Amino acid sequence: MPALNVEFSDRELEDLRQIAKERGTSMKALVREAAAADIARHRALQEGAEAFRRFFSAHADEFAAAFPEDEPAAKGAGRVG
């Protein structure tokens, strides 16, 4: 399995040691779990954003009718003056 060396400040390292001790786990497991949780969160946010984009695209005309003031101005309809 590939590995990654990560540098921490003395304070961060001490905090990690304390948290790992409190949880009854190793520092390596603690850091790996934190990274895995962040990866899962990132994937969930990406999936949620994609679901929103699909929903918005499927209902674009309804959104335009409901919120006409938020629609972009037509081409060539810029303000003068």
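Being four residues apart in helix H2, Arg 54 and Glu 50 are separated by about one helical turn. In this predicted model, the side chains of these two residues, Arg 54 and Glu 50, meet in a salt bridge, with a distance of 3.8 Å from N to O. Arg 54 is exposed, its relative accessible area being 52%. Glu 50, by contrast, counts as partly exposed, at 34% relative accessibility.

Glu 50 also takes part in a salt bridge with Arg 53, for which the distance from N to O is 3.2 Å. Glu 50 and Arg 53 are three residues apart, and both belong to helix H2, where this spacing corresponds to about one turn. At 45% relative accessibility, Arg 53 is classed as partly exposed. Through these contacts, Glu 50, Arg 53 and Arg 54 are joined in a network of salt bridges. In general, side chains of opposite charge can pair when their charged atoms come close.

A further salt bridge connects Arg 41 with Asp 38, and the closest N and O atoms of this pair lie 3.7 Å apart. Arg 41 and Asp 38 are likewise placed in helix H2, where a spacing of three residues separates them by about one helical turn. Arg 41 has a relative accessible area of 52% and is therefore exposed, since the cut-off for this class is over 50%. Asp 38, with a relative accessible area of 45%, is partly exposed. Over the whole structure, the search finds five salt bridges.

Aromatic side chains were examined next. The count comes to three aromatic pairs. One of them is formed by Phe 55 and Phe 63, whose rings are arranged edge-to-face, with 6.2 Å from centre to centre and 80 degrees between the planes. The arrangement is called edge-to-face because the angle of 80 degrees lies over the cut-off of 60. Phe 55 is partly exposed, at 43% relative accessibility. Phe 63 is also partly exposed, with a relative accessible area of 24%; this value is not under 20%, so Phe 63 does not count as buried. Ring pairs link Phe 52, Phe 55, Phe 56 and Phe 63 into a cluster.

A nonpolar patch is present on the surface as well. Leu 4, Val 6, Phe 8 and Val 31 make up this patch, and together they have about 360 Å² of accessible area. Val 31 belongs to helix H2, which comprises residues 27–58. The relative accessible area of Val 31 is 31%, and this residue is partly exposed.

Finally, the confidence of the prediction was considered. The protein has a mean pLDDT of 92, and 91% of its residues reach 70 or more. Confidence is highest in helix H1 (residues 10–23), at a mean of 98, and lowest in helix H3 (residues 60–66), at 93.

Technical notes. Residues numbered from 1 in each chain as written. Heavy atoms only, no water. pLDDT = per-residue confidence, 0-100. Helix = DSSP H or I, 4+ residues; strand = E, 2+ residues; numbered from the N terminus. Patch = residues over 30% accessible without salt bridge, like charges linked within 9 Å, V, L, I, M, F, W, Y side chains within 5 Å. Areas by Shrake-Rupley, 256 points an atom, 1.4 Å probe, with all protein chains shown as cover. Salt bridge = Lys/Arg side-chain N within 4 Å of Asp/Glu carboxyl O. Buried < 20%, exposed > 50% of the residue type's maximum accessible area, 1.4 Å probe, protein only. Phe/Tyr/Trp six-rings, centres within 6.5 Å; stacked < 30°, edge-to-face > 60°.
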